[in-house]
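Take a look at the chains below. We will go from a single residue out to the contact between chains.

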Amino acid sequence: MTLHYRGRVGKLLSSLRIGDYDRIRVLKDGRVYEGILIPRPEILDDEHLIIKLDNGYNIGINIEGAKMKLISKANLSRERKIPKLRYRDDLPFVPLIVTGGTITSKVDYSTGAVISHEKPEELLDIVPELANIINTKYVTLFSEFSENLTPNHWKLIAKAVYEQLRKGADGVLIAHGTDTMHYTAAALAFMLHSLDKPVVLVGSQRSIDRPSTDAVLNLIAAARVAAESPIAESVIAMHGSPSDEYAYVIRGVRARKMHTSRRDAFQSINEPPIARVTYDSIRFLTENFRRKREGPSNVELDDRLDPNVALVQIWPGIPNGFLSTLAERFKGLVLAGTGLGHTPRYLIPEVAEIVKSGIPVVITSQCLFGRVNLNVYETGRRLLMAGAISGEDMLPEVALVKLMYVLGHTDNLEEIRKMIKENMTGEVGAHLGLNVFPSCWR
Amino acid sequence: MYSPPAGGELTDLDYKDLGLKVGLEIHQRLNSHKLFCECPSIMREDEPDSWIKRKLGISYSELGAVDPAAKFESLRRRMFLYGVYYDNTCEVEADESPPYPLNEDALEIALTIALMLKMKPIDEIHVMRKIVVDGSNTTGFQRTALVAIGGKESCIETNWGFVRMATLCLEEESAYIVESRPEIAKYRLDRLGIPLVELATKPDIWHPDQAKEAALKLGRMLRATGRVQRGLGTIRQDINVSIRDGARQEIKGVQDLDLIPEIVRREVQRQITLIKIKDSLISRGIKEEYLRTPIVDVTNALADSKSHLVRKALARGDKVYGMRVVGFSGILGSEIQLGRRFGTELSDYAKVFGGVKGILHGDELPNYGIDEDHVRRVRSELSCEEGDSFILVMGKRKPVELAFGSIRERLKYALKRVPNETRRALLDGNTSFMRPIPGSARMYPETDVLPVKTVPILRRIKYLPPAPEQIVEKLVERYNLTEDLAWELFDEDKVALFERISKYNVPTRFLASMLISVIRSLKRDEEPIEKLKEDNFIEIAKLLGEGRLAKEAVPEVLRAIAKGEYTSAEYYVKDHQISMEKLDSIIKEILIRKSEIIRERGERSFGMIMGEVMKEVRGKIDGAIVSRRVKRKLEEFLQAS
C-alpha cells in the first residue's frame, strides 16, 4: 500500500490503514463526501486530503473536524483495450529512444494520474498513423525532464543511437523533453561521426495526455523524416506554427527554443529550416544538408567531452573579477556578449589574464541572430588582442557544447582556437541570406 | 397497425403518474475577466485577425464505450479552425501557453452565489480537465472546478414544491461556433475562457411549468449579485428530462425561459411514444437479428426518377443506397413529437454520424417526386415483404455506410428502450439528436493550476446581496410601485438607476415606466437604445422635477438622444421649450377661433380647448401648467364676453 500524504493527514490516514486510491467516506460539518483518495502533490500542505467524487471532480477537504472511514481498498488493475502492433515488411525500422518528457505517457481517468507506458502499442493507440510509416520498438534509457540532463546523459543517448544504427536501424527517433532538446541535438551532432542515417529528436509542448497535444503531428513528422528523408544529421522535428499543419526539421546545431510555451517554440537560427513536413509530405527548403547512405551504417562514436565549461551572459555592470572567479573553476568560458560580441571595456584585461592562464574564452552574441564580428569596434579588436576566440555565427549554447567537445580532445589553446573556428557539422559559416531573420508580424 | 397517441394535454396528475423528473443546469457568465488569463470577457462581432488550424489527438481506447467507431474515425479526420483576435485573446485561449492562476474575482462571485443558496463551499478547489472532443475548447478539455455542494437547506421554493441544489461549478466558457461540417468546424476564441457558473439542481422538478419557475427564480438569484453578465446568450439552461421506463435526456442550450415547459411537455410525449413503439415492435415479434439486412445500391431502380432530390444527388456523382427494415412498416412515419416522426430521429443519427443530408423512408413514399412505380422497384430490389419498410440514403459509399451503421444502432434501441441522448433544443420546443450522452465524464486534474483554498476568499465576502424577492418588496413598499413593475425593474437591471432618479420629486411610477415601457417601445422601433446612458435619465428626472420638461415629451427626448440628435436633454429642452408669452398667444388664438362653441358651452368647453392647445404644445411645456393657464384664460374670455 502506498500513501502520498505526509504530516498530520499522513499519520491519520495510515492509522486508518487508508492508502492512495482507496475508496473512503469523509464526514464533515454534517455532510458526507465519498470518493477515491487521490495522492497529494508534495508541494501542497498537510492539512487537506483530496478525494475524487463519483461525478469525476476532485475536491480538497480540510481534515479539521472531519471523520474518515475506509470503504474499500484500491482496485487499479484495469486493462485497457489497445490495438495490436503490426510489423510491416515494407517499412523501415526506426527505434524510439526514450529519455523522458511526456510523449510516452498516458492518463488514467479513474485516478487522474499520468503514468508512463512501456510498449509502443500504447503509443500507437494515440498515434495510429505511425504504424503506416515505421516499424518501431522502445529503447528506454531513462526518464528525466530535460532540465535535469547533463553531458553524461548526452553520452548515453549518443551511445544508444550508435548501437541502434550499427545494429541496422534505418534511422532513430529520440523522445526528449523540450527544455534542453537543442543542447542534446548539438551534442549528438558533434559526437556522432560519419553519420549516415537520420537522427531525429522529437518532443511536445503540450503533453500527450491532452487531446490538443502537438505530439501527434511532431511524431508523425519525425517518423517520416527518420523513415523517408535523405537527411543524415541530428535534427529536431517540431511544430512550425501554432497550427497542426506542418513541422519544421531544424538542424540540431541551429535549433533554439525561442518561446516558453508555443508549439512552434523551436526556431532555426541563422539558416532556414531544412524541411517542412506535413502529415503526408516532406518539402525541402534547402539543399544544404548531409545525405543519407543506403546499406549498413558506418557511424562512429566519439563521446569525449569535458563538461567543465561555463556559459556567461554579459550584462551592463558585470563586475570585475566575476570571470576570473569562473576561470578558477572551469576549463573554458563561452561569453554571450552584447551586440557584435562585446564585453565592457574594463573586462578586457581580465579576459587577457584568463586566456594567458591557458583557458579559452569563446565570444558569441546574446543577439543570437547574426554573426559575431570583433573587427568593427575597438572593444572587439581589443578582445581579439586579448586572445578571445570569435564564435562566428554559432549560438551561445552550441559554442558551449562544442567547447566541451573540443576540450575533450585537446587542451592546446592553438588547437582549440582552430577547432572552434572550423565548421565540423554545420554549426559555423552559415550563409546569412535576408530570409533567415523571423518576425511574426511582418 | 400502430397508431400514434392522441396529442391531448396531460394533467398534473398524469405527470405524477408518469414519474416525470426534471433537473436544471443553469450556465451563467460572470462579469469578470477570463477565468485563466487576463483577457477581457467580451464578445466580438468582427472577423478574427487570423485563424489557426488544429486537430484533436483522440485515442481509440480513450473514447469509451458510448461512441461508435464511426465517431472515432470522423473525429480523427476532423479539422478545427480557431479565429484569434490579437488584442483580446491571447496565447492561453489558443492553447499556446499554460493557464494563469484561477481568477479569484470570479471565484468570489461563484462563492457568493453558493452562500446565497446556502450551499457548502469546498475547502480547497481543484481545477479539473473535462474531456470534450467536439473542438469547442482548443485544449480538447474544459477546465472546471467544483466550488460548492448543496444540502437539505439549499433549495428554492416553487408553486409545485421545493427544488434542491446539487452542485455549483466554476468553469470556462467554450469557444463560439461559427460553422460546423463533418470534416471541419470553425470557432472564434473571443468567448473561450469567460468565467461561467454551472448551477445544477437535483431532479426534484415534476411539472413542466415548475421547470420554468425554478429557472426564473435561479436566474433572478444570480442577477441579484450584480456581478453576472447580462444580455443575449449570457445565461442558458440545460434540462435533464426523464419519465419512468423512459431515459434521461440532456437537452442543451435553452435560452428562452418561456420555452421550457413546452420542451418538457414535448419530451414527455416523445418518450411515451418511443415506449409505445417498443411495445408495438415486440408485439409484432421483431427481433434484433432482423436488423442485419444488407445495404444495397438501388441507384439503377431510381435512375429515371423525376425526383429533384434524386436527380441532384446523381448529378453530384452520389449513389442511392437502401436498406430493408423488417417489420417496421408504419412505424418510421409515426409522429413522436409535433411535426417530428420516428424517421426524423433516424435522420438525425445519419446526419451526425455519416454527415449525409438526411434519409428517405418507406412510410413517407411515394413523395418528393418518387412515384409509386419507383417505390415498387426499390422495394423489390431490397426484397421487402408485406409489413417491411425501407430507408434510402444518398451519398458516397463511406459516409452512407457510417450513416446506416448508426441507423441500425438506433433501430436496435427501438426494440429495447429509449436511448440516453444529448439533444439540442429547437425553437418550436422540439429537440433533435446531438450525440449519445457521455458515460461518466472523463476528468483528470488540471496540473497547470494550483488548488485554491476558499477560506481567504470567503473572508472577503462581507455581506450577501439581498434576495430578489427582498429587493422587489422594498421597491413596492418604499416607492409605491406595483409588484409587476418592480419585477420588471429588477429583471431589466434598472433598480439602482431607478433609486437614483427617484429623489427628484417626480412620480415614481412614471419614472419606473420611463425605464421600462418607454425603453421597450424605442427598442421595438429599433432605435439604438444603447446610446442612452444613466446620466441621460438622471438629467431627465431632474428637468422633470424642476418642471422644465413635460412628461409627455420624455419619449421624444429619449428618442432624440438615442438617434444622436442631442447629446443631452438640457439642449433638447432649450430647443423645444416655449415661453409663457408664446403659450398665451396660442391659447388666445384658439379661444378666438373657437369663440362660437365656447359661448355655447361655457366652462364645459375647457376639455375641448385644452385638447386643441395641447395639440400645439405637447411635449414643449408641462401639461399641468398648460391646464392652469387655459383655465384662467378661458375664465377671462367668458367674463369678457
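Which residues is A:Ala237 in contact with, leaving aside its neighbours within four places in sequence? They are A:Val200, A:Val202, A:Asn218, A:Ala221, A:Ala222, A:Val225, A:Ala247, A:Val249 and A:Val277. Contact means that C-beta atoms, placed from the backbone, lie within 7 Å.

The model is predicted: local features need pLDDT of at least 70, side-chain atom pairs count only at pLDDT 80 or more, and totals for chains, interfaces and linings use all residues. Residues are numbered from 1 along each chain as its sequence is written, while chains are lettered from A and ligands numbered from 1 in the order in which they are written.

A:Ala237 also belongs to the largest nonpolar core, which has 108 residues. Such a core is a set of buried Ala, Val, Leu, Ile, Met, Phe, Trp, Tyr and Cys residues joined through C-beta atoms within 7 Å. Buried means that 20 or more other C-beta atoms lie within 10 Å of a residue's own. A:Leu173, A:Val200, A:Ala223, A:Ala237 and A:Val361 touch the most other members. Domain 2 (96-301) and domain 3 (309-421) of chain A both contribute residues, so the core lies between them. These bounds come from an automatic or database domain assignment.

Now turn to where the chains meet. Chain B gives 38 residues to the contact, and chain A gives 34 residues. Strand β4 (residues 58-62) of chain A and strand β5 (residues 124-125) of chain B run antiparallel, joined by two bridges. Strands are DSSP runs (E, at least two residues), numbered from the N terminus; two of them pair if DSSP finds at least two bridges between them. A:Ile59 has B:Ile125 as its bridge partner in β5(B).

Conventions
A residue is buried if 20 or more other C-beta atoms lie within 10 Å of its own, exposed if 12 or fewer, and partly exposed in between; C-beta atoms are placed from the backbone. Two residues are in contact if their C-beta atoms, placed from the backbone, lie within 7 Å. Helices (H or I, at least four residues) and strands (E, at least two) are DSSP runs, numbered from the N terminus.
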